[in-house]
Amino acid sequence: MTRQAGSAPVIEIRGIYVRFGGIVALDDVAFDIHDREILGLIGPNGAGKTTLFNCLSRLYTPTDGSIAFDGRSLLDMKPHHIAGAGIGRTFQNVASFSNLSVRDNIRIGAHSDSRSDPLSDALRLPWVRREERKIDEITADLIGWLDLADVAELPVGGLPFGTQKRVELARALAGRPKLLLLDEPAGGLNHDEVGALGDLIKRIRDEREVTVLLVEHHMSLVMAVSDRVVVLNFGKKIAEGTPDEVQKDPEVIAAYLGDGA
């Protein structure tokens with residue numbers, strides 16, 4: 001299922017500049033991400049992909065420009081409010097709680113979609129018990145959906161790397177995000193695992209109705225799953241379009257292969 005023509009943007013990025021001292025990391029970057037779209041963000045090393053990603057997850061604040069999420073200014077939100085606002089993310093390096101079980105890792109992700117406080121938890125108020133039942137249901141659903149039942153009670157740190165990646169995805173999905181930011185999810189995976197990841201990303205969009213921004217160096221994965229692709233180079237957007245359009249763009253070819261290409 002690809003986005004419908006004319007669907008409203010989930011994210012609107014306008015005129016984003018980021019400077020670190022005298023270095024311009026992002027230079028007037030602008031594009032939209034539409035509802036239930038998979039958008040690939042690519043570019044050579046140092047193109048500005050991670051900087052933009054960190055602006056969207058509020059680790060960085062742009063020097064100038066605006067980012068709207070569901071019509072609200074994302075830049076007005078504090079970093080610890082991002083998950084509760086409906087944005088989930090994974091990390092380039094697996095960032096799970098390695099000593100905790102798969103189930104507990106996923107439960108942690110589900111807490112961003114719940115409300116709680118120490119006093120209510122200590123008193124075990126009825127609404128707290130209802131919240132805990134909801135978290136248990138979300139966790140059990142994702143364990144089944146991502147085929148993690150056999151390892152649900154095992155510590156994450158002892159599991160194969162590909163399985164740890166699925167646990168991190170489950171934790172991000174447990175907060176029931178509207179937008180999922182995937183940071184190099186294919187890193188460290190073998191050929192078969194990358195193929196399975198591509199199928200899973202499309203299932204996340206189709207079955208969970210989640211909009212996906214994919215930052216990835218694995219070009220075959222990006223081109224196989226993305227509805228549209230945005231290309232950055234030296235902090236500037238140099239191309240935007242379907243995977244087929246982007247792969248044929250002379251400026252993109254030059255950025256990756258050199259002017260002689």
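A salt bridge is a side-chain nitrogen of Lys or Arg within 4 Å of a carboxyl oxygen of Asp or Glu. The model is predicted, so local features need pLDDT of at least 70 and side-chain atom pairs count only at pLDDT 80 or more, while totals for chains, interfaces and linings use all residues. Residues are numbered from 1 along each chain as its sequence is written, and side-chain values use heavy atoms, with hydrogens and water left out.

The structure holds 18 salt bridges. One of them joins the side chains of Arg205 and Asp227, at 2.9 Å from N to O. Arg205 lies in helix H7 and Asp227 in the loop between helix H8 (219-225) and strand S9 (228-233), so this pair ties together parts that are 22 residues apart in sequence. Helices (H or I, at least four residues) and strands (E, at least two) are DSSP runs, numbered from the N terminus. Both Arg205 and Asp227 are buried. Buried means under 20% relative accessible area, exposed means over 50%, and partly exposed lies in between (1.4 Å probe, protein chains only). Accessible areas come from the Shrake-Rupley method with a 1.4 Å probe; for residues, only the protein chains shown count as cover.

A salt bridge also forms between Arg228 and Glu240, at 2.4 Å from N to O. It links distant parts of the chain: Arg228 sits in strand S9 and Glu240 in strand S10 (residues 236-241), 12 residues apart. Arg228 is buried, with a relative accessible area of 10%. Glu240 counts as partly exposed because its relative accessibility is 35%. Salt bridges link Glu37, Arg228, Lys237 and Glu240 in a network.

The side chains of Glu209 and Arg36 meet in a salt bridge of 3.7 Å, N to O. These two residues are 173 residues apart: Glu209 is in the loop between H7 and strand S8 (211-215), and Arg36 in the loop between S2 and strand S3 (38-42). Glu209 is partly exposed at 47% relative accessible area. Arg36 is partly exposed at 27%.

Pockets were examined next. Rolling a probe the size of a water molecule over the atoms shows where empty space is left. On a 1 Å grid over the protein atoms alone, a cavity is a set of points where a 1.4 Å probe fits but cannot get out, and a pocket is an open set with protein on both sides within 12 Å along at least five of seven lines; lining residues have an atom within 4 Å of a point. Grid points are joined across faces, edges and corners, and a volume is the space filled by probe spheres set on the points.

The largest pocket has a volume of about 420 Å³. It is lined by 18 residues, and Ala83, Ile87, Gly88, Arg89 and Phe91 are the closest to its centre. Strand S6 gives the most to this lining, with 3 residues.

The second largest pocket has a volume of about 340 Å³. Its lining has 19 residues, with Gly162, Arg166, Ala196, Leu197 and Leu200 nearest the centre. H6 and helix H7 (191-208) each give two or more residues to this lining. H6 gives the most, with 6 residues.

Leu52 is found in helix H1 (residues 49-56). Leu52 counts as buried because its relative accessibility is 0%. Ile23 lies in strand S2 (residues 23-34). Ile23 counts as exposed, at 57% relative accessibility.
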